[in-house]
Amino acid sequence: MLTGAKKLPQRRCVGCGISKNKSDLIRVVRSPEGDVGIDLKGKKSGRGAYICKDGECLKKALKARKFERGLELENKISEELAENLLEQIKIDE
Ligand SMILES: [Zn+2]
């Protein structure tokens, strides 16, 4: 392994489990107040979960409740949020 090489920040997608550059992923964040939303700029504070800009990954993650686990939510994420994520993925494609 090379030493001193500059590495881009990597995050793991909750859908496929592959680590990618942060910029290739969408961040979903749970704020300290408990609100869950998409964090397009990656700057919001709170607990985050990342998903590829890929509809298949999103489907997998939703089905397996990966966001709920990653964000330590007691309830299922809302339909609205799931739809917003899908929209976001479409925009980025
Ligand atoms: Zn993925």
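This briefing looks at a zinc site and a pocket. The model is predicted, so local features need pLDDT of at least 70 and side-chain atom pairs count only at pLDDT 80 or more, while totals for chains, interfaces and linings use all residues. Residues are numbered from 1 along each chain as its sequence is written, and side-chain values use heavy atoms, with hydrogens and water left out.

**Zinc site**
- The SG atoms of Cys13, Cys16, Cys52 and Cys57 coordinate the zinc ion at 2.2 to 2.3 Å (donors are N, O and S atoms within 2.8 Å of the metal, or 3.2 Å for Na, K and Ca).
- Angles of 100 to 119 degrees between the four donor atoms make the arrangement tetrahedral (all angles between 85 and 135 degrees).
- Along the chain, the donors of the zinc ion follow the spacing C-x2-C-x35-C-x4-C.

- Cys16 counts as partly exposed because its relative accessibility is 27%, whereas Cys57, at 6%, counts as buried (buried is under 20% relative accessible area, exposed over 50%, partly exposed in between, with a 1.4 Å probe and protein chains only).

**Largest pocket**
- About 190 Å³ of space lies in the largest pocket (on a 1 Å grid over the protein atoms alone, a pocket is an open set of points where a 1.4 Å probe fits, with protein on both sides within 12 Å along at least five of seven lines; lining residues have an atom within 4 Å of a point).
- Its lining has 14 residues, and Lys22, Leu25, Asp39, Leu40 and Gly42 lie nearest the centre.
- By class, the lining of the largest pocket holds seven charged, four nonpolar and three polar residues.

Technical notes
Points joined across faces, edges and corners; volume = space filled by probe spheres on them. Nonpolar A, V, L, I, M, F, W, Y, C, P; charged D, E, K, R; others polar. Tetrahedral: all angles 85-135°; square planar, octahedral: opposite > 155°, others 65-115°.
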